[in-house]
Amino acid sequence: MAETVLTNPGQSPARLEGWRGIAADWASDQRAFKNVSWGKAMMWIFLLSDTFIFSCFLLSYMTARMSTTVPWPNPSEVFALNIAGNHIPLILIAIMTFVLISSSGTMAMAVNFGYRRDRVRTAILMLVTAAFGATFVGMQAFEWTKLIMEGVRPWGNPWGAPQFGASFFMITGFHGTHVTFGVIFLIAIARKVLRGDFDVERRGFFTSRKGYYEIVEITGLYWHFVDLVWVFIFAFFYLW
């Protein structure tokens with residue numbers, strides 16, 4: 001027998017508590033997250049699933065590194081660059097990290113101006129963020145090219161444990177793919193912001209209700225996640 005919750009006339013139906021309330025929300029075709037838009041909720045769910053994937057990659061890398069009997073290559077030597085005759089360890093990785101962290105700042109400012117409905121500044125800051133991201137991907141491509149020319153392969157390398165190459169290409173490649181898609185998404189949303197799609201509610205992909213710039217915040221959630229993941233990669237892969 002269906003359970004009916006009685007309320008006073010003119011008032012909204014009372015909400016059930018706990019799991020029964022959640023089931024009632026989904027079954028009655030209501031918005032399950034009462035105070036959060038579907039777009040933002042789905043982005044959080046996607047980021048949660050992505051967290052599990054990156055966690056599995058990092059745990060697999062740490063397991064391989066701690067279980068191998070062959071010495072692991074020294075990151076300070078592998079990722080060093082010779083500049084003006086000086087052997088500088090991790091200089092490229094440090095610059096990449098600075099660029100990506102800086103992009104989080106510009107993205108946060110873009111979200112701020114988006115909620116102020118400042119189209120021009122929002123679009124400019126999103127494009128600056130995309131430029132930072134493209135710079136990061138370019139430097140990562142240079143890093144990959146350098147290591148491949150030095151003999152690093154997924155099945156081996158000249159310096160030690162053969163698992164190093166597979167771990168490196170898998171983790172940095174998966175993260176670089178996320179950054180690349182983020183750059184494309186940033187450019188697409190910045191274009192829509194600049195031409196006023198969110199002010200006139202122009203039809204098209206990722207166009208929210210008139211006057212709402214929430215998609216800018218959703219894009220920011222994704223971008224901050226990508227930056228946060230890089231901090232863990234930097235700590236566990238390059239500094240360990």
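Helices α2 and α6 cross in a left-handed way, meaning that the near helix is turned anticlockwise from the far one by less than a right angle. The model here is predicted, so local features need pLDDT of at least 70 and side-chain atom pairs count only at pLDDT 80 or more, while totals for chains, interfaces and linings use all residues. Residues are numbered from 1 along each chain as its sequence is written, and side-chain values use heavy atoms, with hydrogens and water left out.

Two packed helices are described by the angle between their axes and the distance between the axes. For α2 (residues 38–67) and α6 (residues 163–194), the angle is about 165 degrees and the axes lie 10 Å apart. That makes the pair roughly antiparallel, a label for angles over 145 degrees. The axes are lines fitted to C-alpha atoms, for helices over the stretch in contact, and angles run from 0 to 180 degrees between N-to-C directions. On the α2 side, the contact (heavy atoms within 4.5 Å) is made by Asp50, Ile53, Phe54, Phe57, Leu58, Tyr61 and Ala64. Helix α6 brings in Gln163, Ser167, Met170, Ile171, Phe174, His175 and His178. Sorted by class, that gives 9 nonpolar, 4 polar and 1 charged residues; Ala, Val, Leu, Ile, Met, Phe, Trp, Tyr, Cys and Pro count as nonpolar, Asp, Glu, Lys and Arg as charged, and the others, Gly among them, as polar.

Helix α6 also packs with α5 (residues 119–149), at an angle of about 155 degrees and with the axes 8 Å apart. That makes α5 roughly antiparallel to α6, and this crossing is left-handed. The contact of α5 with α6 takes in 21 nonpolar, 9 polar and 2 charged residues.

Serine 103 counts as buried because its relative accessibility is 0%, the cut-off being under 20% relative accessible area with a 1.4 Å probe and protein chains only. Neighbours within four places in sequence aside, serine 103 touches Thr129, Phe132, Trp223 and Asp227.

As for the chain overall, there are 8 helices and 2 strands, taken as DSSP runs (H or I, at least four residues, for helices; E, at least two, for strands) and numbered from the N terminus. Their order from the N terminus is α-α-α-β-β-α-α-α-α-α. Of the 240 residues, 40% are buried. Among contacts between residues at least 6 apart in sequence, 65% join residues at least 24 apart.

Technical notes: Angles under 35 degrees count as roughly parallel, over 145 as roughly antiparallel, 65 to 115 as roughly perpendicular and the rest as oblique. Buried means under 20% relative accessible area, exposed over 50%, partly exposed in between (1.4 Å probe, protein chains only).
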